[in-house]
Amino acid sequence: MFNKIKRFNNFSGITGLLACSVMLGVSPANASTLPASLNDLPEVIEQALVQFHTPGMSVGVVKDNQVVYLQGHGLRSIEDRLPVTPETYFRLASVSKAFTATGIALLAESGDLNWQQRVTDHLAHFQMADPWVTREFTVLDLLTHRSGLASGAGDSMLWPEPSGFSREEIIHNLRYLTPKTSFRSAYAYNNVMYITAGEVIASTTGEKYQDFIDKHIFAPLGMHCFAGDVPPSALVNHAVSFGFSEQRGQYAIPRNQIRQQGLVSAAAGGLTCNAKEMLKWLSMWLNGGKLPDGKAFLSSDSIEFMWSPQTLLPISDIDRAWDETQFSAYGIGWRLADVLGHKVISHTGTLSGYQTYVTLVPELNLGVVLLNNGSNYGARGAVMQTILKAYMGKPKPPAAENWISAYSALQQHNKVLSQEREIELAGSGHVVLELPQYAGEFEDQWFGAFRIKYASQKLTIESEKMPMLSGFLEPFDDHRFVIRWHNPNAADDAMILFDVSPQRTVTGFTLAPFKATVPEYHEYSDMYFKPVAGNNTSAE
């Protein structure tokens with residue numbers, strides 16, 4: 001069974017690390033090997049951190065098999081004034097997806113599975129809402145964002161962390177998610193399908209997902225990174241996640257901190273690594289899938305397949321103006337596009353408090369990794385554009401002084417548009433029933449229960465499965481309340497609408513974003529909460 005795994009189990013992690021260091025030329029950054037237009041790269045990075053309210057960033061660039069830039073900038077902890085270094089650990093967020101896809105590719109190469117095999121051949125309990133889709137859903141479909149579900153469907157089982165759902169429960173609950181489009185007809189980003197792919201790996205190999213990635217990807221590449229638990233030695237140098245608002249300034253986001261315990265979301269966005277180690281990962285791809293000792297890790301056929309278009313992506317006006325993009329698609333764990341005539345393979349990762357970005361330009365033998373501990377995409381975008389365009393010969397964006405000013409102008413434009421669309425919602429502040437009549441325990445068939453309690457003349461709400469979803473109910477009008485979550489960074493305010501019988505008893509409720517214009521699909525679309533028989537949580 002999977003001979004490649006057995007061979008990798010004998011790989012020496014120390015030997016691999018040394019070999020990889022030699023291959024990459026890991027050493028203090030040598031700015032003289034950068035293009036002349038990047039002589040001020042450190043200053044650009046520092047300016048981007050300030051402009052986009054990002055505490056710190058670790059940046060690595062590999063070119064022609066040599067590390068030409070590897071530096072930490074800013075702070076990994078504002079409170080303790082600790083600096084970011086190339087060894088500082090960050091959450092990779094969705095950059096994790098390429099590792100999951102690579103795990104599937106290794107199993108496909110060994111013959112233990114096939115890209116076109118049905119998911120039900122590996123996970124008998126896998127079920128979508130449509131029986132035909134269930135039957136036809138392949139391993140490849142899990143990795144290409146064409147499930148027919150809406151973008152982000154199922155994310156409510158993953159975030160805000162910590163999640164109370166197991167991976168088995170997440171996969172079971174796919175059957176309750178309503179399709180938005182027909183199967184394979186449109187791109188819609190999806191995380192829970194990558195969770196499912198991770199469990200396909202576990203089912204096929206008999207190893208837990210995190211153990212497989214640690215042993216059979218990180219170890220042979222000499223990468224000191226983690227798909228599961230993070231050892232205390234790594235926690236000594238990890239970046240604290242931060243957000244920013246005009247009211248609060250920079251603030252820590254404790255719920256997303258790197259901790260010792262691994263995450264249920266690992267296969268979609270929960271891996272932990274640093275810039276120095278990530279350069280080994282990028283170099284493997286740029287070197288045709290070879291290990292530091294020259295042996296094959298991933299075949300060129302697998303790389304070509306993973307870097308081939310699977311699902312078309314839209315091209316924005318910004319993509320055309322800034323990158324002259326004519327083609328954009330999702331491959332397998334990677335996004336693909338042309339930028340100024342070069343094929344670019346990339347992926348971003350976004351989580352409250354962490355922003356990541358990796359890019360490969362095979363034609364230029366160039367790889368870039370950016371890891372930061374802020375929540376504004378402008379920092380990673382401006383730095384990545386600065387680096388890529390310097391190598392491609394177009395260092396400045398159209399009609400802008402530099403990429404920092406370009407992203408600032410774009411965000412200001414988007415902010416104005418958003419404010420113009422905003423409509424102030426106002427209710428009477430009074431509801432029909434007495435407050436205690438809305439209290440009780442209510443359960444959705446897949447999301448679990450919310451408990452609404454009445455005490456001290458107000459209603460509070462808390463989720464059984466998602467501990468960060470707790471708050472209080474503010475009367476709006478009729479049978480509607482606004483949910484004000486205790487942690488406003490965990491989730492946006494929501495509207496709760498109670499259904500009431502002619503006998504004036506509550507029969508259930510729905511949830512929706514607290515917005516004037518509610519999107520067609522949102523995180524609560526597939527939920528309906530019914531009263532749990534014989535339960536009332538009034539305290540007075």
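Where does Pro162 lie?

The exercises below take up this point and others. The model is predicted: local features need pLDDT of at least 70, side-chain atom pairs count only at pLDDT 80 or more, and totals for chains, interfaces and linings use all residues. Residues are numbered from 1 along each chain as its sequence is written, and side-chain values use heavy atoms, with hydrogens and water left out.

**Exercise 1. Locate Pro162 and describe the peptide bond from Glu161 to Pro162.**

Step 1. Pro162 lies in the loop between H6 and H7. Helices (H or I, at least four residues) and strands (E, at least two) are DSSP runs, numbered from the N terminus.

Step 2. The bond from Glu161 to Pro162 is cis, and its omega is near 5°.

Step 3. A cis peptide bond also joins Trp159 and Pro160, with omega of about 5°. Pro160 is found in the loop between helix H6 (139–142) and helix H7 (167–172).

Step 4. As background, most peptide bonds are trans, and most residues other than glycine have a negative phi.

**Exercise 2. Describe helix H4 and state how far the rest of the structure encloses it.**

Step 1. H4 has 14 residues. From first C-alpha to last, H4 reaches 20 Å, close to the 20 Å expected at 1.5 Å a residue; the expected span is 1.5 Å times one less than the number of residues.

Step 2. Of the 14 residues of H4, 12 are buried, so the helix is largely enclosed by the rest of the structure. Buried means under 20% relative accessible area, exposed over 50%, and partly exposed in between (1.4 Å probe, protein chains only).

Step 3. Among the buried residues of H4 are Lys97, Phe99, Ile104 and Leu107.

Step 4. Just after H4, Gly111 takes a positive phi of about 85°.

**Exercise 3. Characterise the packing of H4 against H9.**

Step 1. Two packed helices are described by the angle between their axes and the distance between the axes.

Step 2. The axes of H4 (residues 97–110) and H9 (residues 209–218) come within 10 Å and cross at roughly 75°. Axes are lines fitted to C-alpha atoms, for helices over the stretch in contact, and angles run from 0 to 180 degrees between N-to-C directions.

Step 3. H4 is therefore roughly perpendicular to H9. Angles under 35 degrees count as roughly parallel, over 145 as roughly antiparallel, 65 to 115 as roughly perpendicular and the rest as oblique.

Step 4. H4 contributes Phe99, Thr100, Thr102, Gly103, Leu106 and Leu107 to the contact (heavy atoms within 4.5 Å). From H9 come Tyr209, Phe212, Ile213, His216, Ile217 and Phe218.

Step 5. These residues divide into 8 nonpolar, 4 polar and no charged. Ala, Val, Leu, Ile, Met, Phe, Trp, Tyr, Cys and Pro count as nonpolar, Asp, Glu, Lys and Arg as charged, and the others, Gly among them, as polar.

**Exercise 4. Give the strand order of the open sheet of 8 strands, and examine its pairings.**

Step 1. The order is E20-E19-E18-E17-E16-E15-E14-E21, with antiparallel pairing. Two strands pair if DSSP finds at least two bridges between them.

Step 2. The edge strands, E20 (506–513) and E21 (530–531), each pair on one side only.

Step 3. Strands E14 (residues 440–444) and E15 (residues 448–455) run antiparallel and are joined by 5 bridges; Glu443 stands opposite Ala449 in E15.

Step 4. E18 (residues 480–485) and E19 (residues 494–500) are joined by 4 bridges, and Arg480 has Leu497 in E19 as its bridge partner.

Step 5. E19 and E20 pair in the antiparallel sense over 7 bridges, and Asp499 stands opposite Gly508 in E20.

**Exercise 5. Identify the phi values of Asp478 and Arg504, and state how accessible each residue is.**

Step 1. Asp478, although not a glycine, has a positive phi of about 55°. Asp478 is found in the loop between strand E17 (470–477) and E18.

Step 2. At 44% relative accessibility, Asp478 counts as partly exposed.

Step 3. Arg504 lies in the loop between E19 and E20, strands that form a hairpin with 5 residues between them. Its phi is near 65°, a positive value in a residue other than glycine.

Step 4. Arg504 counts as partly exposed, at 45% relative accessibility.
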